[in-house]
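Okay, thanks for making time, everyone. I'd like to walk you through one structure today, so let's get it up on the screen.

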Amino acid sequence: MIPIDDSPLTRDGKVLILAYDHGLEHGPVDFEDVPESADPAHVFDVATHDAVTSLAVQKGVAEAYYPSYEDDVDLLAKLNGTSNLWRGEPNSAVNWTVDYAHEIGADSIGFTVYGGSNHEIEMVEEFREAQERAHQEYDMPVVMWSYPRGQGLRNAKTPESIAYSARLGLELGADVAKVKYPGSQDAMEETVRMAGKTKVVMSGGSKRSDEEFLSNVKSVIDAGGAGLAVGRNVFQRENPERILDALEKVIFEESSVEEALAAAEGAAPEAE
Amino acid sequence: MIPIDDSPLTRDGKVLILAYDHGLEHGPVDFEDVPESADPAHVFDVATHDAVTSLAVQKGVAEAYYPSYEDDVDLLAKLNGTSNLWRGEPNSAVNWTVDYAHEIGADSIGFTVYGGSNHEIEMVEEFREAQERAHQEYDMPVVMWSYPRGQGLRNAKTPESIAYSARLGLELGADVAKVKYPGSQDAMEETVRMAGKTKVVMSGGSKRSDEEFLSNVKSVIDAGGAGLAVGRNVFQRENPERILDALEKVIFEESSVEEALAAAEGAAPEAE
Amino acid sequence: MIPIDDSPLTRDGKVLILAYDHGLEHGPVDFEDVPESADPAHVFDVATHDAVTSLAVQKGVAEAYYPSYEDDVDLLAKLNGTSNLWRGEPNSAVNWTVDYAHEIGADSIGFTVYGGSNHEIEMVEEFREAQERAHQEYDMPVVMWSYPRGQGLRNAKTPESIAYSARLGLELGADVAKVKYPGSQDAMEETVRMAGKTKVVMSGGSKRSDEEFLSNVKSVIDAGGAGLAVGRNVFQRENPERILDALEKVIFEESSVEEALAAAEGAAPEAE
Amino acid sequence: MIPIDDSPLTRDGKVLILAYDHGLEHGPVDFEDVPESADPAHVFDVATHDAVTSLAVQKGVAEAYYPSYEDDVDLLAKLNGTSNLWRGEPNSAVNWTVDYAHEIGADSIGFTVYGGSNHEIEMVEEFREAQERAHQEYDMPVVMWSYPRGQGLRNAKTPESIAYSARLGLELGADVAKVKYPGSQDAMEETVRMAGKTKVVMSGGSKRSDEEFLSNVKSVIDAGGAGLAVGRNVFQRENPERILDALEKVIFEESSVEEALAAAEGAAPEAE
Amino acid sequence: MIPIDDSPLTRDGKVLILAYDHGLEHGPVDFEDVPESADPAHVFDVATHDAVTSLAVQKGVAEAYYPSYEDDVDLLAKLNGTSNLWRGEPNSAVNWTVDYAHEIGADSIGFTVYGGSNHEIEMVEEFREAQERAHQEYDMPVVMWSYPRGQGLRNAKTPESIAYSARLGLELGADVAKVKYPGSQDAMEETVRMAGKTKVVMSGGSKRSDEEFLSNVKSVIDAGGAGLAVGRNVFQRENPERILDALEKVIFEESSVEEALAAAEGAAPEAE
């Protein structure tokens, strides 16, 4: 962990990462409902929204599209990831070195660790290499996508294992740990407590209704969490700006879900 | 992805790669119908045709024959590949480093990735190393042979998996993705759309009739694809010049298949 | 082995390491009984006690909390470790390089070796790399967590295998070997004898009553051992200062268990 | 491939490698019939014969014996090889680096590749490393021992697979490919044709009668092959000079088998 | 192989290595009969005997005890080795780098190779790395512990496989090969013959009577062997000086077993 409150990854200590590596992780199927979401330029445009602190993409997308947005978007280099064409024990290829991410202009890095996988040790050692390079050489913040997952794992989605995954972020040196929502605000508080000085953000997950989604986010903030890393719940919406308006209220302005929704309606009534 | 429209790999933004690594991948059997095709010098001669933007070969062939053709042929160094004497889960040996490819005079590099293979992670990491070296050190374009293939893969030849393979090219940083023909122009459009700024070329595949082959190529161009990477459909023909004349019409001059065939007949009637 | 009697790892040739990597190795469950023990700052405070010669933590905890304690706590960088989300043959990821540990300010390093595991060879070679770097480059003492454990092992907890594990510390170049208590003072003497010039410390293990725990420690000292590496038997107590007062008596002042307990009661009667 | 016609590996474009790595590959059993053949000094003496263009040995033999012969013998450093004490899927340890081979005085290097083995990819990548180092740094010719062999291989000894193995030499960058005799001069012609500019030499194999052996060699030369790499058919003979006299006739002087045998008899009648 | 007759590893071309890595390889059990043998200082004292040309120990023992003996003992750094807590296919961890061994003051290095193990290739490649570093950088002699052993091996203890193991020493570049006694002087002669210029020493093995043991050693010398590498047959004796006196006679003074025993009795009658 390094001090990150002055880094572009945060705004007033809070975090809203727009994650867009679904083309690698899930493939075209994630772009079906909103076809324009397949176009990285569209998502880079969305990421210029004030609510977004960083956009997380894989190397190829960054190389091709980031040069046009470097003044308007903070780049989070997602270093590893794997297609779901492959269906083995959870693992992730390292697709991008820290050095090259820095050269492309990344402000921070992201790395997936599947605690409990038979590849946990390998992934954690790859994480070490990236984390040390990022901290030692470039003072770049490190976000761990920390998901318990694997053959030998019992109860990957319990509050206990999610709290454990946040603790892994702290122990292994992540500045931010991205974890699943553990089911309740109380459980999220415990998760945040286990992470110590490491900030905790909720993984957006699959698309839900505005209200359900914002309520989850609100309970993360109320539990002391730092915010959100979200993909589908933004880009699979017809009007991503509207949900970002609402998220901005909830995450950065301490609004209630109702206030946030009302403000978003008022701000962009014409959009749908 | 790096800008490649001014690189020798393209001509007016279009691509026609003559691929000649069959001696490694398939062995002598691919040269049976046209025995002279076993001779690299013969194929280098063919590659001097204006329609050909690059010739893709393995290291040994480049070392031995390219010095005589360096003014007339653009060299695409195919870095990995494997014999079919070995019959395991799809994988490919890295036979050539980027540094040595550059020293031999290569203008661009090619790399196979079998998405869905149990070796996907290893291959993707080898790709990363080659891609970053090529882009960072030498500004060399990178072509990904992107073929879903492997034990755990369902539906490797569906339009969906082919579109996914093109997306892998974009996400992982290929400048050009070489994919199988997905069966229709509509499916090719979707594949091209998923690849974003990464150019898509069709893999020539096994030998077909002139008309059938050119129709496939035409539908790639009409779908917004960049062109073709072709081996057997050129060198397994008695008169490779004739099909290259036709391909030049279809790919670079927006001709119909009929026009292209007619022009090729006119240009080289004596050849068969 | 290098001379360590003048290093901060020892005091009068004795050792009391406070180990706090349970958040990685066991997860939040180890913090349940004393919730504040989940907070590294709490344990760093405890480690300022005079009895503690070093505090052993993982990299992330050191990065985040050690800067506030560098004048008051000697840092032992625990380089490897693994979550128990993963349940395979005993192994441990290397989470921290020696170079970075030195940069963070570590005074010594710690490394787990599971003798008898199917990963023994891999772990021992990773230990070699860390040990040589620590000794050659930085003159940092090396503590081996030496635990026989694994599928092919018979009798991992016998006095014989514990004596063997201490000998591994000597043979492989540890300055201190942390081993399980072998069940009796006689067995501990044999263990200490096998370790030669390598100091032997007892692993604290799971929480026991004050008297039982101190008696074990006393028999280690009487057997010629150098002391203790303890976690749960300190931080899982409501009043860690009190047990540290008693340990200081037993380890550094040659007190009996009764004297130590009495002195600790006197010193801190108000604490409970 | 690099130009090798001016290198000591060839004489008038032809090649006769005396191979002497049987002590590693087969063990003492290969020296039983002619006990003095166990002594490397004896074989180095044999290798001073004008017919021999290079002597191929492992590192240890070169270190110990080559210094006495460096003016009279051209050294081919056989870089990999394995004992037959081990009986797994075909593979070969890399026993010698190119840098050290060059330092010892080697003029060229040799490397075994078992196409079709489950270790093919690993071997080919080790070959790459050696080949590029030899060509880039030292301009040393590279000889590939190219033998299809392995669990998943069908028909390792067919003319087709032998022609394929010669092609592997060309594709992967060998200057000379050492292959098994494919059974006929026609098949050898096809093998030579597949190798393009890469020279093809026949592997001597197990001991045969003078006439049978020389007839094989003659048909290699007549098929356009470059010559022979031979071990047992020389050193397992009581009079190795005599067969070398004959081989010199067949390989370098275009003699018939009968002429060669007659000349050898005349030249060395006293030898048996 | 490098010239070693002027190195401290030999005396008049003969070798007597005192091997003391049993604490790693076998554990405390080997020290049971003579408890003081567990103390490295005791064995270092023994190694000051004139008969001992080198003492072979693991890194940790060298670091801790060699500094007090560097004027009186020649250090042979045993680089690899493994505990017998682990019971898998024969393999050995590399516990010490050549560079660090040289820094500690080692005069030569030792390395185990299990020919025939499924790990043979890995071990041989690790041997290569150590051997080349030792010879190229430091002119240090290399001793191979050459033991055929493994799942796929037939007849690991036959004279044939022992002769083969000596040959491996020569082929792979060992200056001295340490092999099992092949059962007779004739078989030892054949073993020595197969090793060429590589010196052969007998592995002492488990403890035997003075006469039986010395007779084996005598037959090694008479067979042309260079001597002995011995551990238990020295340090498991109450009076190690006495057997060393006798060994000195047999190895360096060409005495008969009877003369050697008589002289040793005379020299040290008071010792038992």
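I'll start with the annotated active site and then move on to the aromatic rings.

Keep in mind that this is a predicted model. The UniProt record, an unreviewed entry, puts "active site" at Tyr147(A) and Lys178(A).

Take Tyr147(A) to begin with. You'll find Tyr147(A) in the loop between β7 and α6 of chain A. Is Tyr147(A) buried or exposed? Buried, with a relative accessible area of 8%. Leaving aside neighbours within four places in sequence, Tyr147(A) has contacts that include Lys178(A), Tyr114(A) and Ser203(A).

Now Lys178(A), which sits in strand β8 of chain A. Lys178(A) is buried too, at 6%. Beyond its sequence neighbours within four places, Lys178(A) touches Trp145(A), Tyr147(A), Ser203(A) and Ala229(A), among others.

On to the rings. Searching the whole structure turns up 30 aromatic pairs over all chains. One of them is Tyr20(C) with Phe31(C): centres 5.9 Å apart, planes at 40°, so we call that pair tilted. The two residues are 11 apart in chain C, and both Tyr20(C) and Phe31(C) are buried at 1% relative accessibility. Over in chain E, Phe111(E) and Phe127(E) have their planes at 75°, so that pair is edge-to-face. Phe111(E) is in strand β6 and Phe127(E) in helix α5, so the pair ties together parts 16 residues apart in sequence.

Arg11(D) lies over the face of Phe252(D), 4.2 Å from the ring centre, and Lys78(E) lies over Trp145(E) at 4.7 Å.

Definitions and conventions. Residues are numbered from 1 along each chain as its sequence is written. Chains are lettered from A and ligands numbered from 1 in the order in which they are written. This is a predicted model: local features need pLDDT of at least 70, side-chain atom pairs count only at pLDDT 80 or more; totals for chains, interfaces and linings use all residues. Side-chain values use heavy atoms; hydrogens and water are left out. UniProt positions are given in the numbering used here, feature names are shortened, and annotations may be inferred rather than shown by experiment. Helices (H or I, at least four residues) and strands (E, at least two) are DSSP runs, numbered from the N terminus. Buried means under 20% relative accessible area, exposed over 50%, partly exposed in between (1.4 Å probe, protein chains only). Contact means heavy atoms within 4.5 Å. Rings of Phe, Tyr and Trp (its six-membered ring) pair if their centres lie within 6.5 Å; planes under 30 degrees apart count as stacked, over 60 as edge-to-face and the rest as tilted. A charge sits over a ring if NZ of Lys or CZ of Arg is within 6 Å of the ring centre and within 35 degrees of the ring normal.
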